[in-house]
Amino acid sequence: MASDSEKRRVFIVSPTESELTTRGKRHPNLACHLAGRGWRVEYISSTLSHAEKRLFSDEECRQAAGRVPYSLSFVHAGIYHRNISLHRVLWHRRFVRGCYRRLKRALREGDVLIVRSPPPELVAAAAALKRERGCRIVMDIEDAWPDAMSESSGLVKRAFAAYCDRYLRRSVARFDAYVHVAPSFLPWLHRYAPEAESTFIPLGFDEKRWGAEPPVRTRPENGCLRLVHCGTLTYQFDVMPVLKALTRLRGRFRLTLIGDNGNGDRYEDVMAYVRDNSLESDVTFMGLLPPHELVEELPRHDIAIVPMVSGALPNKVFDAIAVGLPMLSLGSGDSSALVEEYGLGWTAPFDPEAVHSVLEGIGPAEIERKTENVLRHRQNYMHRQLFDRYEHVIENVTGEKNNGRRFLNAGTMSHA
């Protein structure tokens, strides 16, 4: 068995995703996978809970570092309270400075550094570390800034675009490999690296958490179909068209909102609309749930709502697939494309009339057919399969033998 000094080394930097976070476990689970496959993994995250907008304590960080099979460290960069704000930009700058100092001491030639994009400051820091330390760098594209800032004014978006471009225009093309979680992020990549090829590896779901087999779902009671939305109530995830449609479908549907403890940009708007339109008996707020409770709660519903304004394939898509829930996807982004391509549910524009029309036509038999389609594709999105593909990307940049395995590259736009 190779000693620690002889093991292949991978560094992963993910600003708000760690063993301590309840949502977004792609990189922590990838770290566990790689450690189990003989890689020496060094993982850096922050002390901030992005979902709860609070700081993890020193004791929480110490316990987390003690229960994972890789080296886990945290950078303290303070806190921000609004996702779209100057405070968040400044937070990223502090976090990246702290990471850069640690990595400049730790990295050596031949190591692999995986960084999440965004933020743009981290992309630029990785490019600098490649030049200074001789490491290989992999970009994991999980969002496209500033393209995704649909709720920002034109002036703010233009200013932020110029800020991002300052970091990205000379950095993106220097990476050795790219991974993207949604097809719509490729135009962003090719803006900065026109010849780049990227491997499509969606977020997927952790079968250790959700189960290798789908859970048993309960049936609707009294003919009332149960809708569920998991996530913070923001402009980017706009549930208002669904709420407006429900005002004309009272008694036929119930909507459960999970994942917002009051920090969402539209939390107060949604609460006010429910109250002002007497939807209290049709809409249930459950707030943030511990991971194990979410696993128990989701199978009690019939349809997952995915109201993604910008293009992406968020975690909520794969939560639904994990439990076999068909989806109602709003908008024309990646989520709707996936749903339409594989018959995983229904799609509608962000229009209350259109949402009402779709919901009015849904019955138990159609839900059963869509559920079968979801279950047919479920195994494609298990982490163990996706992480094998990820390891292949890492092996390619290090020159490691890949045992003849072949995977699709970015030229194939299939979602599976």
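Helices here are DSSP runs of H or I with at least four residues, strands are runs of E with at least two, and both are numbered from the N terminus. With that convention, R105 has its place in helix α3, residues 86-106.

Before I go further, two remarks on sources. The model is a predicted one, in which local features need pLDDT of at least 70 and side-chain atom pairs count only at pLDDT 80 or more, while totals for chains, interfaces and linings use all residues. Residues are numbered from 1 along each chain as its sequence is written, and side-chain values use heavy atoms, with hydrogens and water left out.

Let me stay with R105. This residue is exposed, at a relative accessible area of 65%; exposed means over 50%, buried under 20%, and partly exposed in between, with a 1.4 Å probe and protein chains only. R105 gathers with R94, R97 and R101 in a patch of positive charge on the surface. Such a patch is made of residues with over 30% relative accessible area and no salt bridge, like charges being joined within 9 Å. Lys and Arg count as positive, Asp and Glu as negative, and His and the chain ends are not counted. The place of an Arg charge is taken as CZ, and accessible areas come from the Shrake-Rupley method with a 1.4 Å probe.

I turn to salt bridges, defined as a side-chain nitrogen of Lys or Arg within 4 Å of a carboxyl oxygen of Asp or Glu. By this rule the count is 25.

One of them joins E19 and R67, at 2.9 Å from N to O. E19 sits in the loop between β1 (9-13) and α1 (26-36), and R67 in the loop between α2 (58-66) and β5 (71-75), so the bridge links distant parts of the chain, 48 residues apart. Both partners are partly exposed: E19 at 22% relative accessibility and R67 at 46%.

Which residue meets R226 in a salt bridge? The partner is D302, at 3.0 Å from N to O. R226 belongs to strand β10 (residues 225-230) and D302 to the loop between α10 (291-297) and β13 (303-306), so the pair ties together parts 76 residues apart in sequence. R226 is buried at 14% relative accessible area, and D302 is buried at 2%.

A further bridge connects D238 with R266, whose closest N and O atoms are 3.2 Å apart. D238 is buried, with a relative accessible area of 16%, and R266 also counts as buried at 16%. Elsewhere, R26, R116, D140 and E142 are linked in a network of salt bridges.

Finally, the aromatic rings. Rings of Phe, Tyr and Trp (its six-membered ring) pair if their centres lie within 6.5 Å; planes under 30 degrees apart count as stacked, over 60 as edge-to-face, and the rest as tilted. The structure holds 10 aromatic pairs. In one of them, the rings of W188 and Y192 have centres 5.7 Å apart and planes at 65 degrees, which makes the pair edge-to-face. Both residues lie in helix α6 (residues 186-192), four residues apart, about one turn of the helix, and both W188 and Y192 are buried.

F318 and Y381 form a tilted pair, 5.4 Å centre to centre with 45 degrees between the planes. This pair links distant parts of the chain, 63 residues apart: F318 is in helix α11 (residues 315-323), Y381 in the loop between α14 (364-377) and α15 (383-398). F318 and Y381 are both buried. Ring pairs also link W145, F160, Y163 and Y167 into a cluster.

Key. Patch = residues over 30% accessible without salt bridge, like charges linked within 9 Å, V, L, I, M, F, W, Y side chains within 5 Å.
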